[in-house]
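Me: Please take a close look at one part of this model, the helix packing, and then go on to the ligand site. I would like the residues named.

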Amino acid sequence: MADFEGNKSAASGYLRRFLDQVTGHYLSGEMRVPPGAETFSNVAPSDNSSLGQVVAGTAADVNAACEAARDAFPAWRDMPGNERKKLLHHFADLVVERAEEIALVESMDCGQPIRFMQQAAQRGAANFRFFADKAPEARNGLALHQEQHTNYTIRSPLGPVAVITPWNTPFMLATWKIAPALAAGCTVVHKPAELSPLSAMLLAEISHAAGIPAGVWNTVNGFGEVAGKALTEHPAIKAVALVGESATGSHIMRQGADTLKRVHFELGGKNPVIVFDDAHFERALDAVVFMIYSLNGQRCTSSSRLLVQSGIRDRFLAALEQRVKALRVGHPLDPATEVGPLVHSGHFEKVMSYMDIARRDGATVAVGGTRRQDLGPGNFVSPTLFTQADNSMRVAREEIFGPVLTAISFATEEEALHMANDTEYGLSAYIWTGDTGRALRMANQVEAGMIWVNSENNRNLPSPFGGAKMSGIGRDGGDYSFDFYMETKNVCIAHDTHKVPVLGR
Ligand code: NAD
């Protein structure tokens, strides 16, 4: 990757076309801007300047996409798994070829620092390669024996499915959801977030170049309340995979009720990182800082609640304050930047509102709490640390989704467990301790879909990913994804030895 100036000049080259022409939909293998379409402005988080106009999809656009996905389904379903595997690997190759463009466009569109976006293409490609390799075995089932019968199960793809993604790390999340759907043999209608739609268009373009047949992959831009709603209500759509807010999950359940949609939701979190007195101090400190201030804190698995044991509290918080003060806030394309601008001015205002909420509720704003005026008109928040908080405060209960950490102290393991679980969310938790027994006890009892012990969040594609409570329904990853995107059929065959019940003879 180049230096700041080099990145800026390359990014403006890649972004030019989005300024010059309206970004439309990708339907039936073509980029389309419907005649007379309404558009909305997509803005750069770094200065709120326009990145171009995007079509606000209507129910009619969604209908066209769903029909295309429905028509393309039988041939895609029946394509041998090995053929799908080759196409998906080819797609991954082309993603890697456009790595620089993807990183720069993504960084400018959602404000994530380039240091974290550099690997976006590789990670997206890895998602595709992982599921491409599994495509030939996607239909495999189980053999289940009874004394006089043999059962076997087969899996078949559900049909056209909806993939609805959020604005934080949109490229990564879209590939994570779409790869298993296609590998399973489903066709897809993707609705990217209205606040960061550009990388979804790069993906659609790459799918075309990779030779994924027309109608197998469709992308409809637009707002959740219109395009998203129409998609989740459409009778051709058999399942909805959503990554977004918990409230959106509830809306989609209601919208999909009449057509009995299968749903998979990855939703919000207020994830605790629990640091015991006997934790490895420096490693825990590094992970605490990384897991809330990386990706601008706009990360579902961010550890936004620090629970720190009283024996090390003062030393830990003092060290933490120094680290938070030293974080480098700046333009997302500057390779030195650690924390970039928030995605949108509306989200910026929401995050800033928590500074007053924290004070009103009695917490101390130990670091940050202000706008970084010196960085210009972008959505720059100083990385913020709240101390003297307790678990009943709004800053300990609500998902702020910014570079904002709430620190709470506890005395005993029981108290830590109680506080960790005293939340409506249950996505992830991080436990730092030198005591293996305690790690196991906590891992068993903390109510979350994913627990990391003595580690920050790391990725393992076959492992289940997802949340409990208000953080989600269902799991992604490995075979879990195929379970969602496929129907399982049981076939029961008699050995012709059992007695068939006789009536009327
Ligand atoms: P959001 O729920 O506002 O939007 C997500 C997507 O849903 C967007 O594409 C939006 O247009 C669409 N949408 C909104 N209303 C809809 C409706 N009524 N019907 C259909 N679609 C609708 O979320 P966001 O603000 O874009 O993203 C941030 C949220 O996503 C946070 O809560 C974060 O925790 C969550 N998230 C969760 C995970 C996870 O894996 N659990 C990962 C990333 C983000």
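Reply: Helix 3 (residues 81-97) packs with helix 6 at an angle of about 170°, and their axes are 8 Å apart. Angles over 145 degrees count as roughly antiparallel, so helix 3 is roughly antiparallel to helix 6. This is a predicted model, and the values that follow are computed from it.

On the helix 3 side, the residues that meet helix 6 are Lys85, Leu88, His89, Phe91, Ala92, Asp93, Val95 and Val96. Helix 6 answers with Ala121, Gln122, Ala125, Phe128, Arg129, Ala132 and Asp133. By class, the contact of helix 3 with helix 6 divides into 9 nonpolar, 2 polar and 4 charged residues.

Helix 6 (residues 120-134) also packs with helix 17 (residues 478-485). Here the angle is about 70° and the axes are 11 Å apart. The range from 65 to 115 degrees counts as roughly perpendicular, and helix 6 and helix 17 are therefore roughly perpendicular to each other. Helix 6 makes this contact through Phe130, Phe131 and Lys134, while helix 17 supplies Gly478, Asp479, Ser481 and Phe482. The residues of the contact of helix 6 with helix 17 comprise 3 nonpolar, 2 polar and 2 charged.

Next, the ligand site. There are 29 residues around the ligand, and those that come nearest are Lys191, Glu194, Thr248, Leu267 and Glu399. Sorted by class, the shell has 14 nonpolar, 9 polar and 6 charged residues.

Several elements contribute to this shell. Helix 9 (224-233), strand 10 (239-243) and helix 10 (246-255) each supply at least two residues. Helix 10 gives the most, with 4 residues.

Polar atoms of the protein also face oxygen atoms of the ligand. In lysine 191, an N or O atom of the side chain is 2.7 Å from a ligand oxygen. For tryptophan 167, the distance from a side-chain N or O atom to an oxygen atom of the ligand is 2.8 Å. Glutamate 245 takes part through its backbone: one of its polar backbone atoms is 2.8 Å from an oxygen atom of the ligand. On its own, the ligand has 850 Å² of accessible area, and the protein covers 93% of that.

How values were computed: Residues are numbered from 1 along each chain as its sequence is written. This is a predicted model: local features need pLDDT of at least 70, side-chain atom pairs count only at pLDDT 80 or more; totals for chains, interfaces and linings use all residues. Side-chain values use heavy atoms; hydrogens and water are left out. A residue is near a molecule or strand if one of its heavy atoms lies within 4 Å of it. A polar contact is a pair of N or O atoms within 3.5 Å; within protein, one must be able to donate a hydrogen and the other to accept it, and residues adjacent in sequence count only if both atoms are side-chain atoms. Accessible areas come from the Shrake-Rupley method with a 1.4 Å probe; for residues, only the protein chains shown count as cover. Ala, Val, Leu, Ile, Met, Phe, Trp, Tyr, Cys and Pro count as nonpolar, Asp, Glu, Lys and Arg as charged, and the others, Gly among them, as polar. Axes are lines fitted to C-alpha atoms, for helices over the stretch in contact, and angles run from 0 to 180 degrees between N-to-C directions. Angles under 35 degrees count as roughly parallel, over 145 as roughly antiparallel, 65 to 115 as roughly perpendicular and the rest as oblique. Contact means heavy atoms within 4.5 Å.
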